[in-house]
Amino acid sequence: MEKVLIVAAHPDDEVLGCGGTIARHADVGDQVQVLIVAEGATSRQEHRNRLQVSGELSVLAQAAQSAGFILGATGVELLDLPD
């Protein structure tokens with residue numbers, strides 16, 4: 001088993017840039033961790049809009065968590081830094 005770290009700037013960059021690699025490593029039993037540095041909202045909007053879902057994760061963070069689960073990542077961590 002190998003340990004793989006995927007580092008991405010914004011939510012969805014890990015899927016668009018490395019989604020196939022994440023899935024392949026997960027399929028062979030490797031431990032894949034995803035680290036997303038920035039929250040991604042201010043790259044799309046002038047002001048930082050940190051919409052919360054059920055008081056927990058932002059919409060973008062929740063989507064990143066779901067994508068990681070679907071691809072087989074062991075974990076997805078979001079640092080939530082501004083863009």
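The points below go from the whole chain to two residues.

1. A word on conventions: this is a predicted model, where local features need pLDDT of at least 70, side-chain atom pairs count only at pLDDT 80 or more, and totals for chains, interfaces and linings use all residues. Residues are numbered from 1 along each chain as its sequence is written, and side-chain values use heavy atoms, with hydrogens and water left out.

2. The chain has two helices and five strands, in the order β-α-β-β-β-α-β. These are DSSP runs (helices H or I, at least four residues; strands E, at least two), numbered from the N terminus.

3. Of 83 residues, 31% are buried (under 20% relative accessible area, with exposed over 50% and partly exposed in between; 1.4 Å probe, protein chains only).

4. Asp 30 sits in the loop between helix H1 (13-27) and E2. Asp 30 is buried but has no salt bridge (a side-chain nitrogen of Lys or Arg within 4 Å of a carboxyl oxygen of Asp or Glu). Arg 24, the nearest side chain of opposite charge, is 5.5 Å away; Lys and Arg count as positive, Asp and Glu as negative, and His and the chain ends are not counted.

5. Which residues does Val 37 touch, leaving aside those up to four places away in sequence? They are Val 7, Ala 8, Ala 9, Leu 79, Asp 80 and Leu 81, with contact meaning heavy atoms within 4.5 Å. Val 37 belongs to strand E2 (residues 31-38), and its C-alpha atom is 6.3 Å from that of Asp 80, 43 residues apart along the chain.
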